[in-house]
Amino acid sequence: MFSFCVFAQSEDKTVQYDDSFIEQKHFDAKKIEAYKQQEDFIYVVEKREPTIIEKAWDWFKRTIKKLLSYFFDDITPAVGFLAWVLRILPYIIAGLVLFLIIKFFLKVNAQNIIDGKSAKSIVNLSEDEVLIKDKDLSKLIKEAISEGNYKLAVRYYYLLLLKNLSEKELISWQQEKTNEDYIKELADNKLNAEFEKLTYLYDYVWYGEFLIDREKFLQAEVNFKKVIAKI
């Protein structure tokens, strides 16, 4: 019903030429060689077999990472060796805690407990008051020396030292006090330095499982006698 004419747009076929100046770039061969010598630009890595130490360290890092991930990340349950470690870890920690309690708080011979041996001539801390007030410590020292129990002899010597200091009112002996308390009480006394050395010796021998033979005991005995004589 209707008709109308359409005329196509004429196409411009004129070629455009770029006559702008183009500067050709050149690479500096010296700078390239300098970069090649820098470690950051060396991409070829020589492959070699890792050493046993490197393998062990890598395994240790992977194990620690898995262990931490097990506690702090939401991952699948541990399996294999890691699962076995996690099962026994609470028992190991409990055993260490128990050992420390026995060793440092109850003051017992932990090595004898582990070996299943009964301790010989071990004096409990609760007996200090009885030994100092009611026992002949000089006689006990001689008996311990005759039996070759130099560890016990050192203990008796130290209790005799405390007894003499207490009788001269240089310290106030109390069951609940520690050896450090007595060192502080003698802070202004000329015997302080010698008493402190004998205290550390006693702690090492009695509580620290420090082995003392006859020769070392005789040296310690000279020092004990010298301080007791000064008191």
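This is a predicted model: local features need pLDDT of at least 70, side-chain atom pairs count only at pLDDT 80 or more; totals for chains, interfaces and linings use all residues.
Local features need pLDDT of at least 70 and side-chain atom pairs 80 or more, while totals for chains, interfaces and linings use all residues. Residues are numbered from 1 along each chain as its sequence is written, and side-chain values use heavy atoms, without hydrogens and water.

Trainee: How many aromatic pairs does a search of the whole structure find?
Mentor: Rings of Phe, Tyr and Trp (its six-membered ring) pair if their centres lie within 6.5 Å; planes under 30 degrees apart are stacked, over 60 edge-to-face, the rest tilted. The whole-structure search gives 6 aromatic pairs.

Trainee: What is the angle between the planes of Tyr-157 and Phe-217?
Mentor: Tyr-157 lies in helix H7 (residues 150–167) and Phe-217 in helix H10 (residues 214–230), 60 residues apart. Helices are DSSP runs (H or I, at least four residues), numbered from the N terminus. The pair is tilted, with 6.3 Å centre to centre and a plane angle of 45°.

Trainee: Why do the buried residues of H9 line one face of the helix?
Mentor: Buried means under 20% relative accessible area and exposed over 50%, with partly exposed in between (1.4 Å probe, protein chains only). The buried residues of H9 include Phe-195, Leu-198 and Trp-206, whereas Lys-197 and Tyr-204 on the other side are exposed. Directions from the helix axis to the C-beta atoms define the arc. Seen down the axis, the buried residues line one face because they fall within an arc of 155°.

Notes
Helices (H or I, at least four residues) and strands (E, at least two) are DSSP runs, numbered from the N terminus.
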